[in-house]
Each structure stands twice: as structure tokens, then as C-alpha cells.
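Subject: Structure for you to look at

Hello,

Please find the sequence and the structure below. My notes on what was found follow.

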Amino acid sequence: VQDQDYYTLYYSKITNRSIKLVGEIDNNLLSNKLIDEYVDGYLYTNYINNRYYLNLVYEGRTRTLAEDVNPEYIAVSETNDGIYYLKTTGENINDLNIYNGIRTSKVASEIYSFMYINDDLIYVTKNYDSVTKTSDLYRLEGTNNLTLIYKDIVDWYSPLKDSSSEEEDL
């Protein structure tokens with residue numbers, strides 16, 4: 001359900017024997033799409049009091065996993081039991097964190113953006129220049145071990161992005 005620019009999330013448990021009444025779980029959701037790859041429930045982001053939150057919902061209960069997240073950069077690990085996300089620490093500066101279901105660990109700091117391919121292949125950008133709108137591309141190898149790939153890139157694209165719109169034009 002959309003309320004102005006935000007969405008509201010509802011929950012109802014349906015079994016073979018009963019139907020639980022629909023109840024509101026949360027509002028101020030940024031998207032009407034839930035991230036469903038995570039093994040322990042569904043993930044969503046919301047915006048409250050000028051802060052972005054990463055939340056988990058499971059069986060009608062919700063829990064905040066992180067605050068000050070960048071909602072554009074959230075990825076579930078290939079084993080579906082970890083969540084990579086950027087936590088905002090300053091203007092155009094973030095920490096890349098992973099939540100493993102129990103605790104959060106910092107993987108890299110002073111990151112501008114990241115692209116998760118799999119657990120062994122994560123690319124990040126650093127040193128964002130707001131005047132030239134460029135940054136440096138690195139490959140992440142272990143915790144905070146970055147290998148420079150290219151300097152001063154303007155933009156980059158995921159090789160895994162859905163190309164269904166391109167296929168329709170053929």
C-alpha cells in the first residue's frame with residue numbers, strides 16, 4: 001500500500017486451519033519490494049526521522065538490523081545467510097559491513113559504493129570526487145584488503161543486471 005511516497009507493510013498468517021487477521025508491521029518503507037533471498041526472513045528499508053534503516057521481518061515480527069544504511073547498496077550473500085550493506089559514516093563515505101545473523105562486522109571502510117558478485121568477488125569504489133564525479137575502483141580481497149583496478153572511473157555497471165528490456169527490443 002502506497003501512502004504518498006512511502007509504503008506500508010502488512011502481515012497475515014494463513015495455514016490450513018486458520019487465518020490470522022491482517023496487521024500492520026511497519027510503514028515508511030522506501031519500496032514495495034522485499035528482499036527475499038535472506039534465509040532468516042524478508043529484508044526491507046525504511047526512512048524515519050532523516051535516517052535509513054535495514055529491517056528484517058519474520059513471521060509477523062520485525063527487527064532493525066542496522067541504521068544509517070544506504071538503501072541502494074544491500075546484497076544477500078551467495079549462501080543466503082549474510083547481508084552486505086553500506087553504513088553511512090559521512091558525505092559520500094560509507095563502511096561496507098556484513099551481518100551474519102548474529103553480529104555485524106566491518107569489511108572495509110571509506111567506501112563510496114560496492115558491487116557484490118559472490119563471496120569471493122566484491123568490487124568497491126573509493127575516493128569519490130564530487131566535482132569530477134569520479135572514484136577509484138578496487139577489488140576487495142579479504143577484510144579491508146583492497147587491490148586497485150582503475151583510477152578515476154565515472155560509472156560502472158553490473159554484469160549480472162537483468163537485461164530483459166534489451167531482449168524485448170531484439
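In this predicted model, a network of salt bridges links Arg-51, Glu-67 and Asp-68. Side chains of opposite charge can pair when their charged atoms come close.

How far apart are the N and O atoms in the salt bridge between Arg-51 and Glu-67? The distance is 2.8 Å. Arg-51 belongs to strand β5 (residues 51-58) and Glu-67 to strand β6 (residues 61-67), so this pair ties together parts that are 16 residues apart in sequence.

Arg-51 also forms a salt bridge with Asp-68, where the closest N and O atoms are 2.9 Å apart. Asp-68 sits in the loop between β6 and β7, while Arg-51 is in strand β5, so here the parts tied together are 17 residues apart in sequence.

Arg-51 is partly exposed at 30%. Glu-67 is partly exposed at 32%, and Asp-68 is partly exposed at 23%.

The count of salt bridges comes to four. Asp-136 is in strand β12 (residues 134-140) and Lys-151 in strand β13, so the pair ties together parts that are 15 residues apart in sequence. Lys-151 is partly exposed, with a relative accessible area of 47%.

Next, the sheet. Seven strands form an open sheet, and their order is β7-β8-β9-β10-β11-β12-β13. The pairing is antiparallel. Which strands stand at the edges? They are β7 (69-76) and β13 (146-153); each has a single partner strand, so one side of each is left without a neighbour in the sheet. On average, neighbouring strands of this sheet are turned by 40 degrees against each other, direction ignored.

One pairing can be followed residue by residue. Strand β7 is joined to strand β8 (residues 83-90) by four bridges, and the two strands run antiparallel. Within that pairing, Ile-74 has Tyr-85 in β8 as its bridge partner.

When you open the model, you could start with the network of Arg-51, Glu-67 and Asp-68 and then go on to the open sheet of seven strands.

Regards

Key
Residues are numbered from 1 along each chain as its sequence is written. This is a predicted model: local features need pLDDT of at least 70, side-chain atom pairs count only at pLDDT 80 or more; totals for chains, interfaces and linings use all residues. Side-chain values use heavy atoms; hydrogens and water are left out. Two strands pair if DSSP finds at least two bridges between them. Axes are lines fitted to C-alpha atoms, for helices over the stretch in contact, and angles run from 0 to 180 degrees between N-to-C directions. A salt bridge is a side-chain nitrogen of Lys or Arg within 4 Å of a carboxyl oxygen of Asp or Glu. Buried means under 20% relative accessible area, exposed over 50%, partly exposed in between (1.4 Å probe, protein chains only).
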